[in-house]
Amino acid sequence: MIDLAIIGGGPAGLTAGLYATRGGLKNVIMYEKGMPGGQITSSSEIENYPGISVVTDGISFMAPWSEQCTRFGLKIEMKSVERVEKISNGFCLHFEDGSKQEAKCVIVCTGSKPRRAGIKGENEFFGRGVSTCATCDGFFYKGKEVAVLGGGNTAIEEALYLSEICSKVYLIHRRDEFRAAPNSVERAKKCEKIEFVLNAVVDEVLGDSSGVTGLRLSYKDGKTRQIEVPGIFVFVGLDVLNNVLSDNNGGFICEMTPQGNVKVNLKMQTSLPGLWACGDLRQDAPKQVVCAAGDGAVAALDAIEYLRNHH
Ligand SMILES: Cc1cc2nc3c(=O)[nH]c(=O)nc-3n(C[C@H](O)[C@H](O)[C@H](O)COP(=O)(O)OP(=O)(O)OC[C@H]3O[C@@H](n4cnc5c(N)ncnc54)[C@H](O)[C@@H]3O)c2cc1C
């Protein structure tokens, strides 16, 4: 039985690994189904991580993180975890390849995945004008016109956020009613910089070698329109990667929010002692690298304390 298992090797998992091993835990394994680094490795630019003043791409930014952890003794195994089972003296990790590993405690950092809208050109121009994060990429469009796609809370909140930075925001939604909270919609309607483009779908993201140049839309009544913008922010939902916490009865081994995020307290403890959840996976996550890293540190420090008191 190992002391601590960390699931997911994004900013949260790697920081948990750093703090756990540097804090003296000897038998810590981080399981990552792909290459360590997490979602941010798909980004071409990160410029809001404190202390890193040079804009860098996600892969270069994350490369030293694993290096730093392994120096303190973190073991990294490229394995996909299928589920975590609670056993009497800890937890049992079941892997996709059929193998198992017992651990005294577990920090889960499996992150999330923004959904794509499935529009022509969306994948081609992803990271070159198509974004799923206004906090991350809004600043690159300072003083410019952008489009936001979606009708939920995130779309409205992000449109309002972008209206503070950009000269104009086209809010494109396929219906004329919103799923978002009515007061947020009201605030957006009062914002002079937001133009509501309703009953409309984006047929194609247009672009050239420099990136996105515009969008081709069609309205429910058959009319079409072209909007020239260098950026489109797609907010059509987010998949929280919470499968590893499923139990055998269609529920979860710990308490979750209705949206599928893990309920945690300020120590990142879940409702199950010895189990922590960090980063994009947890409730109310700001979905930023710096916050995920902070969560990982908080959980690892608490795991050290837990192991001291319980094992
Ligand atoms: C395109 C893009 C641009 C972004 N730009 C910025 C930015 O500029 N600034 C910023 O602060 N944030 C940015 N973000 C958000 C940021 O990347 C996330 O908030 C952050 O990565 C969350 O960290 P995490 O560790 O919680 O999860 P993730 O980064 O999602 O890492 C989770 C890891 O767990 C692994 N995993 C999942 N399931 C399993 C399993 N079953 N078994 C084993 N491993 C598993 C995944 O492979 C992944 O590596 C951006 C995100 C995207 C997609």
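Start by selecting Lys-104 and Asp-3: their side chains meet in a salt bridge, 3.0 Å from N to O. This is a predicted model. Now colour by secondary structure. Lys-104 sits in strand E6, residues 100-108, and Asp-3 in strand E1, residues 2-7. The two are 101 residues apart, so the pair links distant parts of the chain.

Select Glu-157 and Arg-187. Their side chains form a salt bridge, with 3.4 Å from N to O. Glu-157 belongs to helix H4, residues 153-163, and Arg-187 to helix H5. Glu-157 is partly exposed at 33% relative accessibility. Arg-187 is partly exposed as well, with a relative accessible area of 46%.

**Next: two strands**

Move to Glu-195 and Arg-225. The side chains meet in a salt bridge of 3.1 Å, N to O. Which strands hold Glu-195 and Arg-225? Glu-195 lies in strand E11, residues 194-198, and Arg-225 in strand E14, residues 224-227. The pair therefore ties together parts that are 30 residues apart in sequence. Glu-195 counts as partly exposed, at 23% relative accessibility. Arg-225 is partly exposed too, its relative accessible area being 26%.

**Next: a network**

Select Lys-120, Asp-203, Glu-204 and Arg-216 together. Salt bridges with shared partners join these residues into one network. Side chains of opposite charge can pair when their charged atoms come close. To survey the rest, how many salt bridges does the structure hold? The count is 11.

**Last stop: a charged patch**

Select Arg-174, Arg-175, Arg-179 and Lys-220. These residues gather in a patch of positive charge on the surface. Centre the view on Arg-174. Where is Arg-174 placed? Look in the loop between strand E10, residues 168-173, and helix H5, residues 182-190. Arg-174 is partly exposed, with a relative accessible area of 48%.

Definitions and conventions
Residues numbered from 1 in each chain as written. Predicted model: local features only at pLDDT ≥ 70, side-chain atom pairs only at ≥ 80, totals over all residues. Heavy atoms only, no water. Patch = residues over 30% accessible without salt bridge, like charges linked within 9 Å, V, L, I, M, F, W, Y side chains within 5 Å. Areas by Shrake-Rupley, 256 points an atom, 1.4 Å probe, with all protein chains shown as cover. Salt bridge = Lys/Arg side-chain N within 4 Å of Asp/Glu carboxyl O. Lys, Arg positive; Asp, Glu negative; His and termini not counted. Charge placed at Lys NZ, Arg CZ, Asp CG, Glu CD. Helix = DSSP H or I, 4+ residues; strand = E, 2+ residues; numbered from the N terminus. Buried < 20%, exposed > 50% of the residue type's maximum accessible area, 1.4 Å probe, protein only.
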